[in-house]
Amino acid sequence: MNLKRWTIRFSKGSDMSAVMQKVRQKQQKQRKQTQRKQQPQEQIQQKKQRNWNQVIFAGLVIAALLCRIVGKVSPRYLFWGILRTLIYIGLYIGWGISIHKRVVQKAAKNTLIFISGLMIFWFVVRSIKYFFAMDVNVERYLWYSYYLPMLFIPQAAVQTAVLLGQPEEYILPKWLKFLYVPTTLCFLLVLSNDFHQCVFSFAAGEVWTDKGYSYAWGYYTVLLWEVVCAVAAFALMVYKCRLSQRKKYLPVIGIGISILYAIIYASGAEWMQVIGGDITAALCLLFVCIFESCIYCGLIQTNTGYEELFEVCTMGAQITDRNYRVRYTSANAMELSKAVMREAEKGEVVVDKKTLIQNRPIQGGHILWQEDIEYIIMLLERMEENRKTIEESNCLEQENYQTKAKINMLREKNRLYDKLQTQTAGQIGLLNELLSRYEVEEDLVKSRRLLAKISVIGTYIKRYGNLIFIGERAEISDVAELGACLEESFSSLKLMGIECALTAPAGERIYVRDAVRIYSFFESIVEASVDSIQFMWVKIRPCGEELIVCMEVESEANLSSFFDKTEKGECEEGVWKFTFTVKKAGEK
């Protein structure tokens, strides 16, 4: 919303926009200064807690180092040794828990926790070997077990180095997982040394311990694989450090210290044997420092730094506890009273007529954010104006439409009536003639016969009009509609004593134009012979894809003039037969 409003104002003039931008920058700067002065005490405590964690970690490392030094000169060597082991195990358990809480990327988090577990396993195995194992064979296999962390920590370091700087959803390539195969084979080679002595070779007749042995080709193979993994991890970390934007030299320093330590330790310097003679503890600490430096310089993504991010975000938001005490706030968030905050918990609250406050519960408190609705309100007002204008226009349009619809309906009715009048002009004239004769006729019998004729003509006009109206809506109709027309005409003929019959199939379809033609032909026959008709029978029967229509009329009148209008016409003993065919219009 702010961006849209800024865009609208900018379009009014670049000079005005520049002035407003400077004013906003100044206001934002003042808010930041005020918020720094009013920074919540909880944030200061959290920073102090992080500093204390670092001090405690360093203090425990120093304590473990002092335990080693004291243990060398004290008769209670076992006590100081176990205490030092417990300190280191506690450190790596705490580091693993910290990794689980901080690291975002799932693959990198699982790999680092796996490394932490290997370190803990290394210390546990070493402590059991030196302080608790009594059997020579058990000590030897505990010694062999050293190579589980010694082989898999460099391998996991390579995996972690590949994951550095990758997005959270990044998945390791399949080829990298195959590197665990030679690592596993190397460990199995060490673990099965008693059967082949290809890693450590023992003199004949002596007890097999780590105090008297020589290296075989298998040891150099295992060592070579460890060096390859370590060098690969080192190279990848150095390469990834170039891509970091914050103190990218820290991991390189840690790796350099590790290499320097290994060189000094291998040279046999006495002072290093006293201070850092425990290569297990030294390497594990250096590994932790290297990975922590990668976390600090941003190579491994963590979920820390959200407080600073929340403070500089452009969305005006505040995080409060359950009692609505503000704990975190963004730079452009407006001050809200507790009454407004509590009211927003029930629903949206509009303040200063242009800002909407919303409240949602979160774990341990609430989050409130503000939305600038000035532009929305302006649009709603404009929409309301447009709605009223459109409503007025629609009323006029609706009235015009209804008037036009009535006019068109009347025009259509007039057109149909004109069409009916044109096509039934002969019957209308005959009907007028019969009505005139009926008015002057005094004979009761003749008057009744004239009324019957008038009914026949009137029925035809009505039914013929129905067929025309049906034809305007559709081209096809049911044969039953034609049958209804004939039946109604028959009912009028029966008033004159004429016997009539109709036979028509059910469910057949016929074109309306053919129905009109049949009914018109029927009416022509009736009008030509109505005074002499004794019997009339209309038969309609299906034949394949056609309908055969047959009319039989018993009359003394000469109807031979109608033969030309049918396919077949004949007269036999005063019965006139007319036959013609029409096409079916399809199934129902």
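Student: How many residues does helix 9 have, and how far does it reach?

Tutor: Helix 9 (residues 180–191) has 12 residues and reaches 16 Å from its first C-alpha to its last. That is close to the 16 Å expected at 1.5 Å a residue, where the expected span is 1.5 Å times one less than the number of residues. Helices (H or I, at least four residues) and strands (E, at least two) are DSSP runs, numbered from the N terminus.

Student: What do these values rest on?

Tutor: This is a predicted model, in which local features need pLDDT of at least 70 and side-chain atom pairs count only at pLDDT 80 or more, while totals for chains, interfaces and linings use all residues. Residues are numbered from 1 along each chain as its sequence is written, and side-chain values use heavy atoms, with hydrogens and water left out.

Student: Back to helix 9: which residues are buried there?

Tutor: Thr183, Cys186, Phe187, Leu189 and Val190 are buried in helix 9. Buried means under 20% relative accessible area, exposed over 50%, and partly exposed in between (1.4 Å probe, protein chains only). Viewed down the axis of helix 9, its buried residues fall within an arc of 155°, so they line one face of the helix. The arc is that of the directions from the helix axis to the C-beta atoms.

Student: New topic: how many salt bridges are there?

Tutor: The count comes to 11 salt bridges, each being a side-chain nitrogen of Lys or Arg within 4 Å of a carboxyl oxygen of Asp or Glu. One of them joins aspartate 531 and lysine 453 (2.6 Å, N to O).

Student: Where do aspartate 531 and lysine 453 sit?

Tutor: Aspartate 531 is in the loop between helix 21 (512–529) and strand 11 (533–543), and lysine 453 is in helix 19 (residues 444–473). The pair links distant parts of the chain, 78 residues apart.

Student: Is aspartate 531 buried or exposed? And lysine 453, buried or exposed?

Tutor: Aspartate 531 counts as exposed because its relative accessibility is 54%. Lysine 453, at 14%, counts as buried.

Student: Which residues are linked in a network of salt bridges?

Tutor: Lys462, Arg463, Glu481 and Glu488 are linked in such a network.

Student: Last one: how many disulfides does a search find?

Tutor: A search of the whole structure finds 0 disulfides, a disulfide being a pair of cysteine sulfur atoms within 2.5 Å.

Student: Is cysteine 284 buried or exposed?

Tutor: Cysteine 284 counts as buried, at 0% relative accessibility. Cysteine 550 also counts as buried, at 13%.
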